Amino acid sequence: MNSQTDLVPAPAGAPAPSNAAESVSQHDAQHAQFVDWMRSVAPYIHAFQGKTFVVGFGGEVVHQNLLNALVADIALLQAMGIQIVLVHGSRPQVEEQMSLHGVESEFSHGMRITNARALESAKEAAGEVRLDIEAAISQGLPNTPMAHAHISVVSGNFVTARPVGILDGVDFQHTGVVRKIDADSIRHSLASRKLVLLSPLGFSPTGEAFNLSMEDVASAAAIALRADKIVFLTETQGLINEENELIREMSLDDAYKLQESGTVLGDAGFYLKHSIRACRGGVGRAHIIPYSLDGGLLLELFLHDGVGTMISYENLESLREATPDDVGGILTLIEPLETDGTLVRRGRHQIERDIDHFSVIEHDGVLFGCAALYAYSQERIGEMACLTVSPEAQGSGDGERLLRRIEQRARARGLTRIFVLTTRTEHWFLKRGFVKANVDDLPEDRRRLYNWQRKSLVLMKQL
Ligand SMILES: CC(C)(COP(=O)(O)OP(=O)(O)OC[C@H]1O[C@@H](n2cnc3c(N)ncnc32)[C@H](O)[C@@H]1OP(=O)(O)O)[C@@H](O)C(=O)NCCC(=O)NCCS
């Protein structure tokens, strides 16, 4: 990894080191930052591998020259083993074509009425955007972290459409809705590591073309593919609550209530509707994020709090007992703390053996916290060990929830006290009802293992 420094440029505006010592410490800081970052994203890379994400975005992304940055991020996701279906819109391009050909826009019920001339404009616009996207994907991504990555992209007649028909006396003509998605063919392409690109046009079995909305195509494709995520890159920040704050996460039930309240209007309401549709149809999560934020897709997927709104079918955060599948996640959580001496080192083997002792907190499929209980039944006392909350989730009460869970487990086993051995977290425990105790207060078996060099404090709590 020595070539790393050649590949990763110094952050813009970083001061030039004035001497060798400064240069070394700057390097050390950069290395530490890099390692921290790599470790923080590792659980996501693991969790996302082999998953299917549908990413929908409007033609505005192409119009505003944001395409290359998005394509580089998509290439990165693909390189991590995520299967991607891209769905593009083409609204500004359709408007452009229509005004070029002198065709008037007509709307009703929040939809465009597509007459024969408007359909020609929609076809031209979709073709133009599709070609721009294919060109961006084919260019080898120069000057990006994904330089020389080659991605094969497939587009085709994956979408069957039907006409919207006549609503309240208004004939929508060539405006359509998705009737069917050819999920098998898409899956086949994804399985051979191809990126699938869908346009907002569909065809009826009689060969007629219909103008569709990007959101309809994206949500229908996500449902048909049983995708793990659907992400809408939008002109909005995400969904906003009554206090005008960004809603970071919400359950499907709450999303439905928000929709019913009628307070989310316009485009945001449309994204909300299709996110609800996707989650109801079995898609794990729907994300609504701004397209204007450089790297927004990566930030949403790889940061605990994300940057937009995430809607999920089930409760996102769960506190539960660990299973053998959690061994890797627990090791990822505790290893940095073992390295810096906060926790006593335990190997994979020991975690595997003791996995039943652990409780974990999981968020969106990734572990963010753990703690273990070791019971000394004869003395009716238990040790809480390995209490860890990942740095990005600290300060939101997860540590306290884990402590309560361990206390519950201890009570259920008839224990009357729990203790911890700590070198750096004394005040956290004192604030939560622990009091200082002595090594002599430990159960006999634990006392014999006490490490006198480490000089950990013994803190005890009556249950
Ligand atoms: C200790 C730890 C588990 C707390 O997790 P958490 O989810 O942040 O805890 P909570 O959200 O319930 O509590 C946060 C509070 O604890 C405080 N806190 C965090 N670490 C602390 C420490 N080492 N000493 C004293 N207080 C601490 C925070 O400042 C915050 O205070 P506030 O509520 O007044 O703002 C977490 O900081 C951690 O994993 N630390 C590293 C591992 C460790 O020390 N484990 C204990 C080994 S014995």
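Residues are numbered from 1 along each chain as its sequence is written. Because the model is predicted, local features need pLDDT of at least 70 and side-chain atom pairs count only at pLDDT 80 or more, while totals for chains, interfaces and linings use all residues.

Eight residues from domain 1 and eleven residues from domain 2 make up the contact, where two residues are in contact if their C-beta atoms, placed from the backbone, lie within 7 Å. On the side of domain 1 that touches domain 2, helix H2 (residues 20-48) gives the largest share, five residues. Helices (H or I, at least four residues) and strands (E, at least two) are DSSP runs, numbered from the N terminus. By class, this side of domain 1 has four nonpolar, three polar and one charged residue. Here Ala, Val, Leu, Ile, Met, Phe, Trp, Tyr, Cys and Pro count as nonpolar, Asp, Glu, Lys and Arg as charged, and the others, Gly among them, as polar.

Next comes an open sheet of eight strands, with mixed pairing and the order S5-S10-S2-S1-S13-S15-S16-S14; two strands pair if DSSP finds at least two bridges between them. Strand S5 (153-154) and strand S14 (249-251) each have a single partner strand, so one side of each lacks a neighbour in the sheet. S14 runs parallel to strand S16 (residues 309-312), joined by three bridges, and Met-250 has Ile-311 as its bridge partner in S16. Helix H7 (residues 183-191) packs on the sheet, where it touches strand S1 (52-57), strand S2 (83-88), S5 and strand S10 (195-198).

The axes of helix H9 (residues 252-261) and helix H10 (residues 266-280) come within 10 Å and cross at roughly 145 degrees. These axes are lines fitted to C-alpha atoms, for helices over the stretch in contact, and angles run from 0 to 180 degrees between N-to-C directions. Among the residues that meet are Leu-252 and Tyr-256 in H9, and Leu-272 and Ile-276 in H10. Seven nonpolar, two polar and two charged residues form this contact.

Strand S21 (residues 417-422) runs antiparallel to strand S23 (residues 457-462), with six bridges between them. Strand S22 (residues 435-437) also pairs with S23 in the antiparallel sense, over three bridges. Met-460 in S23 is the bridge partner of Phe-419 and stands opposite Val-435.

Finally, 19 residues surround the ligand, the closest being Val-389, Gln-394, Gly-399, Glu-400 and Thr-422; a residue is near a molecule if its C-beta atom, placed from the backbone, lies within 6 Å of it. Strand S20 (381-389), helix H14 (398-412), S21 and helix H15 (426-430) each supply at least two residues of this shell. Its residues divide into six nonpolar, ten polar and three charged.
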